[in-house]
Amino acid sequence: MEKVLSNKGARTPGIDDKTSRSYQKEDEKASLINQILAEIKGRCYKPQPVRRIYIPKNPTEKRAIGIPTIKDRVVQEALRLILEPIYEAKFHHHSYGFRPFRSTHHAVARVQSLISLHGYNWVVEGDIRKCFDRIDHDKLMSLLRRDILDKRILKLIRMMLKAGVLEELELLRTELGTPPGGILSPLLANIYLHELDQFISSRYEDLDQYRRNKAPLKLFICRYADDWCILIKGTQEQADLVKQEVTEFLLETLKLELSEEKTLITPVEKGFDFLGFNIRKYPDAVHVKPTLKALRKLRDKVREITQTFFATDLDLGIMKLNYALRGFAEYYRRVYSKRIFRKLDFFIWWHVLRRAKRFIYGSSRYSTAKFLKQHYYPYNQDVFKMNRHHKGINFGTWSEEKQKAWMLQALRFYPIQYIKGHPQLNPYLTTERAKLEADRNLNRLLSNLAKYPLKV
């Protein structure tokens, strides 16, 4: 209950117009829990339709998202707590999406390792067309029945799948797909796509050494939710054959369709994009960098923020910029990004300089030297203590209240810290979870020490 209410998504109401604010008091929480228990025990619980809204995806497109009611989120969270420990022990070692203590960086580290250390030379880049919207309910339920014997749990899941979507006061039936925005949906999708993992891993990875030596082809799959790639050590003809077999398997077994234009076969020397990273093999090393798409998106975001906020509120503009830069840096500082960060800092510095001069003085031709003297401060004047040990100056606005400056951060402040491959420990085994938590805490400590070194 507390986990559901503490989630930011709980601030947005479902079709019953209730949010986390509706359950602030202990008696309100207790009443909801008692109501859920009574309905489930009385077998009269019925999930409500998901409210569908649209949010901007980019300047020209919108993305549909679903908002379940708080009551249904609590039930889904309870089901997740039951199902996740069961399937966590069954999932493929190199499935990384929506699983505890796993991240996109672990998936990329795995792919990099296969290329650099094991010589895999071809990649099939997979893209399933509208995967989450086309999951077949009957097939999903048959997969669940293999491991879940409690018919009450199975019935609850089926009711959630069939609950429907409410869009502009029109109730739409859901014959395919997992509940949009549902807490349980990512786990159900992983259960469904685990069949693809097994189909590929049974070809080589799951074989013993004797049968591996006789296998016609060496191949491994790495998957993050519906984003996946298959690494192959062989020829382009063999890669074409694997793509064809995967296409047929998805269509016949899982009733899913590959996107022909987005499912590509690429030599690793040419480079390919996976989870927002570009992975490419060079003669001396395998480099993982931000994709060109990610770089363009950040530049566009910088232009948008400076255009929108610098004309009215410089303080807010700086905060918005820092938020965007921090999100980009935290994601991409785990790979080979040091040189890219410095280039982006150069772009941001000049862009902010020109835009700020234009808005403050009405012209970008205002003397740069005077502007630097009036609006650029050394980092030891920053409002945030964590940045004061850095050298150099940057754009900022003076705060009379704090007697410090709200200053623009630099991407170069974020140290590159590579992530190793996942240790493949089970977070639902006490001793293994302790190791995972210890590793995570150590990584956080090292990261903080690198960003904010102790003064001796």
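Predicted model: local features only at pLDDT ≥ 70, side-chain atom pairs only at ≥ 80, totals over all residues.
Arg-80 counts as buried, at 11% relative accessibility, where buried means under 20% relative accessible area, exposed over 50% and partly exposed in between, with a 1.4 Å probe and protein chains only. Its salt-bridge partner is Glu-77, the side chains meeting at 2.7 Å, N to O; a salt bridge here is a side-chain nitrogen of Lys or Arg within 4 Å of a carboxyl oxygen of Asp or Glu. Glu-77 is likewise buried, with a relative accessible area of 7%.

Residues are numbered from 1 along each chain as its sequence is written, and side-chain values use heavy atoms, with hydrogens and water left out.

## Other salt bridges

The structure holds 26 salt bridges, among them one between Glu-330 and Arg-333, whose closest N and O atoms are 3.0 Å apart. Glu-330 is partly exposed at 27% relative accessibility, whereas Arg-333 is buried, with a relative accessible area of 0%. In the salt bridge of Arg-211 with Asp-208, the closest N and O atoms are 3.6 Å apart; Arg-211 is partly exposed at 45%, and Asp-208 is partly exposed at 39%.

## The four-stranded sheet

An open sheet of four strands has the order S6-S7-S3-S8, with antiparallel pairing. Strand S6 (218–224) and S8 stand at the edges with a single partner strand each, so one side of each is left without a neighbour in the sheet. Neighbouring strands are turned by 20° against each other on average, direction ignored. Helices (H or I, at least four residues) and strands (E, at least two) are DSSP runs, numbered from the N terminus, and two strands pair if DSSP finds at least two bridges between them.

Strand S3 (residues 122–127) is mostly covered, five of its six residues being buried. S3 pairs with strand S7 (residues 227–233) over six bridges in the antiparallel sense, and four bridges join S3 to the antiparallel strand S8 (residues 264–267). Trp-122 stands opposite Ile-232 in S7 and opposite Pro-267 in S8, while the bridge partner of Val-124 in S8 is Ile-265.

Terms used:
Axes fitted to C-alpha atoms, helices over the stretch in contact; angles between N-to-C directions.
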